[in-house]
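Please look over the sequence and the 3D structure shown below before reading on. The report then takes up a few places in turn.

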Amino acid sequence: VQPRADIDTSSLKGRSVLITGGASGLGEEMARQFVRAGAFVTIADLSAKNGERLVSELGEEHAAFAQCDVTVWQSQLNAFKTAVARSPTKQIDIGATPRRESPQLTPCPPDAPTPDADPIEPSLITGRINFLGMQYTAKLATHYLCPARNKSPTPRALIFTCSMAGYADQPYSPEYNASKWGVRGLLRSLRCTNPTHGIRTNGIAPTFVKTGILVPDWMAFLEGKGVKFADKEDVGRAVMRIAADGEMNGARLSLVPTYCH
């Protein structure tokens, strides 16, 4: 797709948006673009420092912050309740999930200090954030965006951040690769059932984007291989396009470096 084409965002004025992981990186870019379009945004993020900074910049009349650990059900539930309470319309129209835990370079086995030592237990935090947290968000969004709680005549929208890693092999980061394939599967199921609840379900699938979540060793590795990066502003504009298009359901917009447009 070409997200730099003109996008009519007038339908987003006055809408209420919840963004998990919205205090930095892609989430911050989405929050800024939603506010520019006239929406009220609740930023749910683990970092109170980043979240409160962003709300201060955007203005409390345009944004609110809810501290949230996406891997904890009660924490996400509290964030959704905060979004409803702080929203001028007392409802949520759009849910966006940009949080993308950074892929970690995983050495080829064996990964033990010596051939006789036990292998090291892997960290599963990437899967917990990218997939478990996404399932929590999807469940809560289905509840809070449904017509019984949301009287907006405009179709509600749930927008997943997938990844090109959900379509292709990504060596050295099997957990990240698997988690993004899982998100893709979640989207493919919900796009069939959520329309019956008046909720459109779509996704974006960026390639690598330069944000703070991309750890330095990965950045150096990718740049050393000549990898080009997508523009985070384009990612935000793709989300605006999905949010503003009341007919779009089941789509996934890919984001690639500018020279490929």
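## A serine in a loop

In which loop is Ser163 found? Ser163 belongs to the loop between strand 5 and helix 5, the latter covering residues 174–193. The model is predicted, and what follows should be read with that in mind.

Although Ser163 sits in a loop, Ser163 counts as buried because its relative accessibility is 4%, and the cut-off for a buried residue is under 20%. A polar atom of the Ser163 side chain lies 2.9 Å from the backbone nitrogen of Ala165.

## Helix 7 and its surroundings

Helix 7 is made up of 13 residues, 232–244, and at 1.5 Å a residue these should span 18 Å, which agrees with the 18 Å that separates its end C-alpha atoms. At the start of this helix, a side-chain oxygen of Asp231 comes to within 2.8 Å of the backbone nitrogen of Glu233.

The buried residues of helix 7 are Asp234, Val235, Gly236, Ala238, Val239, Met240, Ile242, Ala243 and Ala244.

Leaving aside residues up to four places away in sequence, Glu233 touches Glu29 and Gln33. The C-alpha atoms of Glu233 and Leu26 are separated by 8.3 Å, while the two residues are 207 residues apart along the chain.

## Helix 3 against helix 4

Two packed helices are described by the angle between their axes and by the distance between those axes. For helix 3 (residues 73–86) and helix 4 (residues 125–144), the axes come within 10 Å and cross at roughly 35°, and helix 3 passes helix 4 in a right-handed crossing. On the side of helix 3, the contact is made by Trp73, Gln76, Leu77, Phe80, Lys81 and Val84, and on the side of helix 4 by Gly133, Tyr136, Thr137, Lys139, Leu140, Ala141 and Tyr144. The residues of this contact divide into eight nonpolar, three polar and two charged.

An α-helix has 3.6 residues a turn, so residues three or four places apart point the same way. Gln74 has its place in helix 3 and is partly exposed, with a relative accessible area of 41%.

Is Ser16, a residue with 1% relative accessibility, buried or exposed? Ser16, which is found in strand 1 (residues 16–20), counts as buried because its relative accessibility is 1%. The side chain of Ser16 makes a polar contact with the side chain of Ser87, at 3.2 Å. When residues up to four places away in sequence are not counted, Ser16 touches Phe40, Ser87, Thr89, Gln91, Ile92, Asp93 and Ile94.

Lys90 lies in the loop between helix 3 and strand 4. Lys90 is not a glycine, yet it has a positive phi of about 60°.

Note on methods
Residues are numbered from 1 along each chain as its sequence is written. This is a predicted model: local features need pLDDT of at least 70, side-chain atom pairs count only at pLDDT 80 or more; totals for chains, interfaces and linings use all residues. Side-chain values use heavy atoms; hydrogens and water are left out. Helices (H or I, at least four residues) and strands (E, at least two) are DSSP runs, numbered from the N terminus. The expected span of a helix is 1.5 Å times one less than its number of residues. Buried means under 20% relative accessible area, exposed over 50%, partly exposed in between (1.4 Å probe, protein chains only). A polar contact is a pair of N or O atoms within 3.5 Å; within protein, one must be able to donate a hydrogen and the other to accept it, and residues adjacent in sequence count only if both atoms are side-chain atoms. Axes are lines fitted to C-alpha atoms, for helices over the stretch in contact, and angles run from 0 to 180 degrees between N-to-C directions. A crossing is left-handed if the near helix is turned anticlockwise from the far one by less than a right angle, and right-handed if clockwise. Contact means heavy atoms within 4.5 Å. Ala, Val, Leu, Ile, Met, Phe, Trp, Tyr, Cys and Pro count as nonpolar, Asp, Glu, Lys and Arg as charged, and the others, Gly among them, as polar.
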